[in-house]
Amino acid sequence: MIKLELLILKLLLVLLISSCSFFVQRDKVQSYKSTTSKIDSKELISNVEKLINNKVTFIKIKDFDFYKLNDKDLFFVYVWLEDHKNIHQMYKKLSFEVKDEFIRRMTKSFEVNDQERIHYLSKIDFLNTFDKIPSSFYSVRYNQGDTAKYLDNINILVNSKNSKQKGEINVLLASFEAPNARLGGIGEYLSGILSAQLETLSNVNYKEKIKGSLITPFYDFLKAKYSEKAIYVGMVDHYLDGNIYKSSIYKISDNNIVQYFVQPDPNYSYMRSNGLKIQGWEVFDVELQTKLFNIMSNEAGCLYYNTALVSFSSLYSGENGNDFFDILHINGKFVAYSSLIQKKYNLRRAEAGLPKIGILSTLHDNHPGNSFDKSIYKRIGLEDNKETNTNIIVMMNENSHLVNFVSKTTEQETLEPSFWPDGNIISDSLKNYMIKIYLYRLIMVFYLKILMSPKNLS
């Protein structure tokens with residue numbers, strides 16, 4: 001009986017200590033004079049609880065608009081979500097959304113030098129070392145002009161000369177899939193490439209080391225899985241549809257592979273042709289991996305991701321200032337627009353004294369009907385194209401330094417003129433650009449090590 005009482009006392013002591021830790025943090029928060037919230041935090045919690053209990057698979061911003069809360073009320077909501085995160089994965093996901101908003105508020109406070117707010121927000125655990133996070137991005141200066149030509153009116157600002165360790169090649173693999181977000185074969189294929197690249201880092205026989213990293217949309221199911229593991233890297237500006245958005249970049253490291261995630265700007269909105277409005281995080285909400293195609297096959301998710309990922313590849317300098325990317329490896333038609341944007345960003349990098357980023361594209365889909373309207377050029381900040389519409393595979397091919405096929409069958413079909421509705425629409429251009437190398441594991445290591453060395457890029 002005595003042992004049981006001692007055990008209960010120990011348990012109560014542990015609970016008391018953890019409670020004290022929370023109340024100390026909460027009391028620090030309560031002392032801050034904040035603006036009045038535009039909505040009631042308890043009512044907001046009640047509403048989201050009802051939605052989850054009713055097994056709603058998607059929660060939209062309009063149903064959980066915590067952006068209207070002041071800092072103190074937002075913290076109250078965050079603590080409540082953290083307390084319930086083991087009940088349902090949706091609470092984990094929403095807790096991450098609130099955490100990202102706090103990071104945005106802290107970033108804004110530093111920009112305007114709001115010391116009172118900085119002092120308050122720094123009391124929150126995940127923000128107390130925010131001022132010590134090193135800048136991992138080059139700054140960008142936007143010269144006022146035609147916003148439709150955003151990429152012609154920016155300057156990349158570099159504070160110091162950048163140099164990399166000889167023989168080190170940083171590759172950023174871009175796709176709408178990943179080994180932990182698979183729909184078809186691209187996720188599996190990326191897993192094989194990354195394994196091969198890791199081999200160059202551990203094998204002393206390779207003089208040139210290839211460090212491969214992934215970039216992926218931060219889908220809702222990934223947020224639920226990595227909400228506690230994801231580390232904030234920084235924010236990147238990118239242009240879309242007349243606006244400059246700020247996407248948060250997060251990263252995880254799993255089995256020595258670094259994966260970056262694009263978290264949407266809450267100010268982003270897009271009206272679909274069916275009249276449905278998409279806002280902020282909703283652009284990457286899919287619920288299940290099997291529905292990834294639904295996101296990237298619509299212009300909202302596709303264009304947002306393409307513009308954000310290239311801003312990241314072009315402006316990322318690394319924590320030490322010289323860990324920038326050498327190669328952007330584009331995988332699949334849903335990230336094909338990034339070749340256009342990266343080509344323009346390379347001009348801005350050259351003006352800043354930075355090396356151009358090599359553009360490698362892998363053809364996974366050779367369907368001849370992949371065309372897009374020329375209005376997309378203007379939407380992503382580029383000059384108009386004279387063509388009425390453009391085949392997306394031709395576009396990706398012509399804007400890449402190197403292009404290869406995912407398989408021999410794909411190559412044979414694509415290079416056959418009769419395969420294409422317009423006869424020779426793609427065959428000749430492909431023969432000028434394509435390299436007949438197939439992505440088997442060991443061959444890919446040799447391919448990246450020798451052919452994709454920056455010194456071999458024109």
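**Exercise 1.** Which residues form one aromatic cluster?

*Solution.* First, some ground rules: this is a predicted model, where local features need pLDDT of at least 70, side-chain atom pairs count only at pLDDT 80 or more, and totals for chains, interfaces and linings use all residues. Residues are numbered from 1 along each chain as its sequence is written, and side-chain values use heavy atoms, leaving out hydrogens and water.

Now the cluster: it's made of Phe96, Phe110, Phe130, Phe218, Tyr226, Tyr232, Tyr250 and Phe261.

**Exercise 2.** Work out how the rings of Tyr232 and Tyr250 sit relative to each other.

*Solution.* Step one: rings of Phe, Tyr and Trp (its six-membered ring) pair if their centres lie within 6.5 Å; planes under 30 degrees apart are stacked, over 60 edge-to-face, the rest tilted. The structure holds 37 such pairs.

Step two: the centres of Tyr232 and Tyr250 are 5.6 Å apart with planes at 65°, so this pair is edge-to-face.

Step three: Tyr232 belongs to strand S5 (residues 231-240) and Tyr250 to strand S6 (residues 243-254), so the pair ties together parts 18 residues apart in sequence. Strands are DSSP runs of E, at least two residues; helices are runs of H or I, at least four; both are numbered from the N terminus.

**Exercise 3.** Is helix H4 largely enclosed or open?

*Solution.* Start with burial: buried means under 20% relative accessible area, exposed over 50%, partly exposed in between (1.4 Å probe, protein chains only). In H4, 18 of the 24 residues are buried, so the rest of the structure largely encloses this helix. Finally, just after H4, Asn113 takes a positive phi of about 60°.
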